[in-house]
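Open your viewer and get ready to select. This tour moves stop by stop.

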Amino acid sequence: MLPHGDDEEKWLAEGIAGIQHNAFYMHRALDSNDLKDALRYSVQMLSELRTSLLSPHKYYELYMRAFDELRKMEMFFREETARGTISVIELYELVQHAGNILPRLYLLCTVGSVYIKSKEAPAKDVLKDLVEMCRGIQHPVRGLFLRSYLCQISRDKLPDIGSEYEGDADTVSHAIEFVIQNFTEMNKLWVRMQHQGPTREKDKREKERSQLRDLVGKNLHVLSQIEGVDLDIYKETVLPRVLEQVVNCKDELAQHYLMDCIIQVFPDEYHLQTLETLLGAFPQLQPTVDIKTVLSQLMDRLSIYAASSIEVLPEFLQVEAFSKLSNAIGKVIEAQVDMPVVGAITLYVSLLTFTLRVHPDRLDYVDQVLGACVKKLSGRAKLEDSRATKQIVALLSAPLEKYNDIVTALKLPNYPRVMDHLDNGTNKVMAVVIIQSIMKNTTCISTADKVEALFELIKGLIRDVDETQDDEIDEEDFKEEQNSVARLIHMLHNDDPEEMLKIICTVRKHIILGGPKRLPFTVPPLVFSALKLVRHLQGQDGDVIGEEISATPKKIFQILHQTIEALLSVPSPELALRLYLQCAEAANDCDLEPVAYEFFTQAFILYEEEVADSKAQVTAIHLIIGTLQRMNVFGVENRDTLTHKATGYSAKLLKKPDQCRAVYACSHLFWVDEQDGIKDGERVLLCLKRALRIANAAQQMANVTRGSSGPVVLFIEILNKYLYFFEKGNPQVTSSVLQGLIELIKTEMQTDGSSDPSADAFFASTLRYIQFQKQKGGAMGEKYDPIKI
Amino acid sequence: MVLVLAIGDLHIPHRAPDLPAKFKSMLVPGKIQHILCTGNLCIKEVHDYLKSLSPDLHITRGEYDEDVRYPENKTLSIGQFKLGLCHGHQIVPWGDLDSLAMLQRQLDIDILVTGHTHQFKAYKHEGGVIINPGSATGAYSSITYDANPSFVLMDIDGLRVVVYVYELIDGEVKVDKIDFKKTATTQSAH
């Protein structure tokens, strides 16, 4: 009969009042050394514990009050028997006259405690007596608390090795026997609670039972504390007996709790040595018991034990822990057909953690665990359950963290198979984890095969794996992903050019499938990787005789050409233009004139056809000019064609100032300040004059359109360029030319109504410079001498 | 004592995966007052990283920068010095000191910080000082072979600037320093 809420409070209050009331009188009797009366009142007090009205939670409160009083009683008994007023044996007799059995037994246990302490009888005898007598209470709640009291008062009085209560030999077995018996009886009572009362109140009962579980578990704790319980005794006696009870009670709640308790309470070393027995119990448990959490617990504990010291590891090998655990898990998963996927994966994560701690060198074990996972996952649709996918990410991340080396993970055949079962989102998450691991450990991936395997793994980032991928991608996230792929490309390297070329081709093969959204991120790093290889080959001497070499600059330039071309589909003409120019310079350094010319052609075509924005054109033309200026591989014809184009486009820029600047930049195309460099003074002058004309036109336009003066600063810039070539010794640039230009500027600046302070400052610093050069003396001073400022 | 970091041409992630670890551990937030970045970061992540080192960040546009809104050049005053910043791909011939000096005259500055060549330079001329901090990642350059990762820290104190260049050579960070003095506030350095 189960009690109801508010009434319970009332009954509890009444019970407590009853205890306090009788305790008061009991103490009065004790103070006047009236044993008989004291006992009478104590019996009345303890009768409150006979109630059936309270739930376990409330009964506990009542019990604790009584417990406190019993402690005081025990003290009194000890004093009395020590004084000799009454012998302990007489007392033991006396309390058995109590009318009701429950008070009688509480008193008996209390006196029993004193009896053992007095050593007038062997501990084992008293304990045996008590544990059997308690059988008299078969009511679950009352019986559990009574036996709990017995457990409590006896725990420091067990005939253990080295204790003062150790009798003749073999008394430890008696201690063990006592505790196990108490445990067995308590478990039986606990299980019986499940079957009392109507079925509709089953959940409430389970909840109440749960509150009492530690009472039962305490016995196991006591067992673990017994010094005399060494590994052998644990193996031979304790574990089999306990397991027997656990299995036979056939109660789900009890089995789960007790298995867990065993694992928590006894040392990991013991578990290792009894692994077979322990694991053997699992299949015998009720099918509804959540074995996987218990198993996971066990493996986690063993993992931590393994990590605690290296000396422990050989033990694991000796008992073949891995295969035993692996088999046990296999059996459990097989048996529990309804186990959700997340449960199975969690088990494998625990097993993998265990394996990585205990057998890190056994890649075959690691692969085995992954393989079992694959088996579990195959035949199903891609995982949707976020908890399950989280566990799989944990599963796949574990080897990465352990080995700090993706290359090891790539050796596991089942690793990519597990990844295949992830949905696209999680696959990408895992791919990013892999890349981060590589970046963090600065791992270098050095063969094309490994690169191939790696790119297969991270394919979710490299291309659209299925059509649904395109929607719902956050732009920032996408950029971050692709930038991490870009960074990854720099980690793929081999000093052997043949292998490096293979790597480049492998990467190219994969990224080319990425589509227009990904190419702008992935093409540049590949291009520069290839250019580095070209430079490396430049430094090497010729071919190895007799060997087929495919890693030649020419070959690489072909690949580069095709790769950069792909950017046109994005379209990214400005980026492609820059990369073509980079290749042109590299081809120049390799002395490959046609290849360099071809790259320039491509760059010009892009400029003509695709670069429409005027600002972009300015930058692009300066890049072309800058690159062309450095070219020394071209013959006269090719050079002429290209410089002609460059100057032509410079003059056609939209804004006059831009035209002017680009044109005077072109002047450097005809003067390279190196030993064999071109030094065509006339054409330099032609450019500068053209720039002047444009500057003039700009002035006039400004007058007409705005009524103000135009950009005087252009003239000053051109003057500075004249000075440059004057100093380099261009015979066409004479001091009178310079003088003329200086006068022109002065005039312009004077007639100019609104002055431009920055132009003023520029002119001033230019004049200062001329002054400085004049004062230098020597050849330079002489050169500048005719110029008056 | 005002610390100014001159850094650039990282080319992340086009040509380099990341800043060298040894540089990262040296560049600590809160120690540097100004950052002058020559450009070619190239992505926002690098911008954010530099911003975390010092709130006063100046960047000019490199030809590969993702953000096209950075200016072509910038000038600012720090203490007694006028500084200018420009990536350098705009000045032909690339790396030519005389042509860069022209830009310096045009911007009317004492110190020009410029990049593009990935080659460290500290060059004193009539008009002032030109400083190229090189490439902080040692990125590939068509102009410079085997560039070592480098950056520059300027300590501006009154009319004096000490230029510290940090270079990563064979895995070790080597430091060198150069002194420059300015004669008077209105004149440029002699």
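How far apart are the end C-alpha atoms of helix 27 (residues 519-539) of chain A? They are 30 Å apart, which agrees with the span that its 21 residues should have at 1.5 Å a residue. The expected span is 1.5 Å times one less than the number of residues. Helices (H or I, at least four residues) and strands (E, at least two) are DSSP runs, numbered from the N terminus.

Before going on, some ground rules. This is a predicted model, where local features need pLDDT of at least 70 and side-chain atom pairs count only at pLDDT 80 or more, while totals for chains, interfaces and linings use all residues. Residues are numbered from 1 along each chain as its sequence is written, chains are lettered from A and ligands numbered from 1 in the order in which they are written, and side-chain values use heavy atoms, with hydrogens and water left out.

Stay on helix 27 of chain A. Of its 21 residues, 16 are buried (under 20% relative accessible area; exposed is over 50%, partly exposed in between; 1.4 Å probe, protein chains only).

Next, select Phe557(A). Together with Tyr415(A), Phe557(A) has the most contacts inside the largest nonpolar core, which has 288 residues. Such a core is a set of buried Ala, Val, Leu, Ile, Met, Phe, Trp, Tyr and Cys residues joined through side-chain atoms within 4.5 Å. Another core, of 24 residues, lies apart from it; Leu5(B) and Leu168(B) are among its members.

Now pick Gln629(A), in helix 31 (residues 614-630) of chain A. Is Gln629(A) buried or exposed? Gln629(A) is buried, because its relative accessible area is 9%. Leaving aside neighbours within four places in sequence, its contacts (heavy atoms within 4.5 Å) include Trp671(A), Val92(B) and Pro93(B).

Move to Phe726(A), in helix 35 (residues 712-728) of chain A. Phe726(A) is buried too, at 6% relative accessible area. Show Val737(A) as well: eleven residues along the chain, its C-alpha atom is 9.8 Å from that of Phe726(A).

Finish with chain B. Colour it by secondary structure to find three helices and eleven strands. Its radius of gyration is 15 Å, close to the 16 Å of the globule rule for 190 residues, so chain B is as compact as a globular protein of that length. The radius is taken over C-alpha atoms, and the rule is 2.2 Å times the number of residues to the power 0.38. Of the 190 residues of chain B, 61% count as buried.
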